[in-house]
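These notebook entries record what I looked up, entry by entry. The structure comes before the notes.

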Amino acid sequence: MNILILSQYFWPENFRINELTTELSKIKKLKIHVLTGFPSYPKKNFFKNKKNKRFKNLNINRVPVYLRDGTMFSKYLNYISFVISASFYLLFKNKIKYDKIFVFQVSPVFSAIPAIIYSKIVKCKIYLWVLDLWPESIKVFGYNSRILFFFIKKISDLIYSRADVLLAQSHSIKKILKKRYKKKTFYFPNWSEEVKVIRVSNVLEKKIKQKNVKKRINVFFGGNLGKAQDIENILKIIQNTNKIEKYNWFFFGEGSEKIKIQHFINKSRRKNNIYLFSNLPQSQFKYLVQKYADLTLVSLANYQTLKWTVPGKIQFYFQCKKPIIGALSGDAKTLIEKSNSGIVTTSGNYKNLSKILDENTKSIKTKKFQKKGLNGFIYSRNNFNKRKIISFLSDIMNN
């Protein structure tokens, strides 16, 4: 059976679709093909001199796209060019008849359009993994135009309604999709990635050690630094924590809001406690978290659509066996509370989380508190097992 993985993002870009493709390619009944663009997330310069060795034995076709350079204009052109290039490839250059197409649907939803066009001609089934629900997700990026929302809703409804099977990354998204489109809809969450630990460079580790890590409580944040992560709220948490001198705040990542952290560091009197680094491979970031972190941090802005999502970094933090502090609502907040893996407050409630940190400063480094990290690991092992989740997907696709 020929399966096409359609994803705007793929290795060496760091997304869950990489690991999913690896596991599906191990199943004998399935012959996996990948259609993607050339890597440029978060910026094209990030991929200079990086060799693509991981999937050298897999059939990967890359279509030309406008590469990101960090500007919003380049992002829009990147989205549009992928839809056009992938559609053109499937219509005029592709020589394989695909039985089924699996679409990795993060933002924007338009990346699924090539699959819809191809399926109209060839009559193959489409499996759409919904990680960001549209059109609601556009509000996260600050677009509140009714006309724009109406237009994107029409496109989103068309895409979701044309899929044969919808796969939802959270229980809330599953309920919404099932109610809206009356399609076969399954809960298909992010799994806990089994990331190998690789030591960082001596230069970077020396920089970390110089930050008084033994005496302070070290909070680590890794990943995208965008509007969805509510960076402003995180900075308010830092600003309102009375015992700030007891904490170190480490940020590793890229994104549109990274400049706000840099400005905060430059202007703040507390700059000796806040440190900003470029994005690291998960294997290296895991090394730092396991060795130096006392807390891991996750935050989401106060938008309805984000209450329906569960950031993949939560499962990553679970694997690191470190307690989580969070400012987020909905499914993600429920997950942290249910797993007893940390302390969490609602999105945007910086005063409450600052207060909680002040009240727990003395206990955070204790074995009793650190056990919350182990709670998350055990919960993850029982509920987000990669092999079980992907085996479930294989059963759906085979049936």
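**Entry 1. A lysine and a glutamate**

I began with Lys260, which forms a salt bridge with Glu232, their closest N and O atoms being 2.6 Å apart. By salt bridge I mean a side-chain nitrogen of Lys or Arg within 4 Å of a carboxyl oxygen of Asp or Glu. The pair links distant parts of the chain, 28 residues apart, with Lys260 in helix α8 (residues 258-267) and Glu232 in helix α7 (residues 231-240). Helices (H or I, at least four residues) and strands (E, at least two) are DSSP runs numbered from the N terminus.

I then looked up how accessible the two partners are. Lys260 is partly exposed, with a relative accessible area of 29%. Glu232 is also partly exposed, with 43%. Here buried means under 20% relative accessible area, exposed over 50%, and partly exposed in between (1.4 Å probe, protein chains only).

**Entry 2. On the model**

I note that this is a predicted model, in which local features need pLDDT of at least 70 and side-chain atom pairs count only at pLDDT 80 or more, while totals for chains, interfaces and linings use all residues. Residues are numbered from 1 along each chain as its sequence is written, and side-chain values use heavy atoms, with hydrogens and water left out.

**Entry 3. Other salt bridges**

How many salt bridges does a search of the whole structure find? The search finds 12. I looked up Glu23 and Lys386, whose side chains meet in a salt bridge at 3.4 Å, N to O. This pair links distant parts of the chain, 363 residues apart: Glu23 lies in helix α1 (residues 16-24) and Lys386 in helix α15 (residues 386-398). Both Glu23 and Lys386 are buried. I also found them in a network of salt bridges that links Glu19, Glu23, Lys26 and Lys386.

Next I looked up Glu337 and Lys333, whose side chains meet in a salt bridge at 2.6 Å, N to O. The two are separated by about one helical turn, because they are 4 residues apart in helix α12 (residues 331-339). Is Lys333 buried or exposed? Lys333 counts as buried, at 18% relative accessibility, whereas Glu337 is partly exposed, with a relative accessible area of 43%.

**Entry 4. Two packed helices**

Two packed helices are described by the angle between their axes and the distance between the axes. I looked up helix α9 (residues 282-292) and helix α11 (residues 312-320), which pack at an angle of about 55° with their axes 10 Å apart. Axes are lines fitted to C-alpha atoms, for helices over the stretch in contact, and angles run from 0 to 180 degrees between N-to-C directions. α9 and α11 are therefore oblique to each other; angles under 35 degrees count as roughly parallel, over 145 as roughly antiparallel, 65 to 115 as roughly perpendicular and the rest as oblique.

In α9, Gln282, Phe285, Lys286, Val289 and Gln290 meet Phe316, Tyr317, Gln319 and Cys320 of α11, contact meaning heavy atoms within 4.5 Å.

**Entry 5. Two further lysines**

Where is Lys139? Its place is in the loop between β5 (125-130) and α4 (146-162), and it is partly exposed at 37% relative accessibility. Not counting residues up to four places away in sequence, Lys139 touches Asn144, Phe149 and Tyr303. Lys139 and Tyr303 are 164 residues apart in sequence and 7.6 Å apart in space, C-alpha to C-alpha.

Lys355 lies in helix α13 (residues 350-360) and is partly exposed, with a relative accessible area of 49%.
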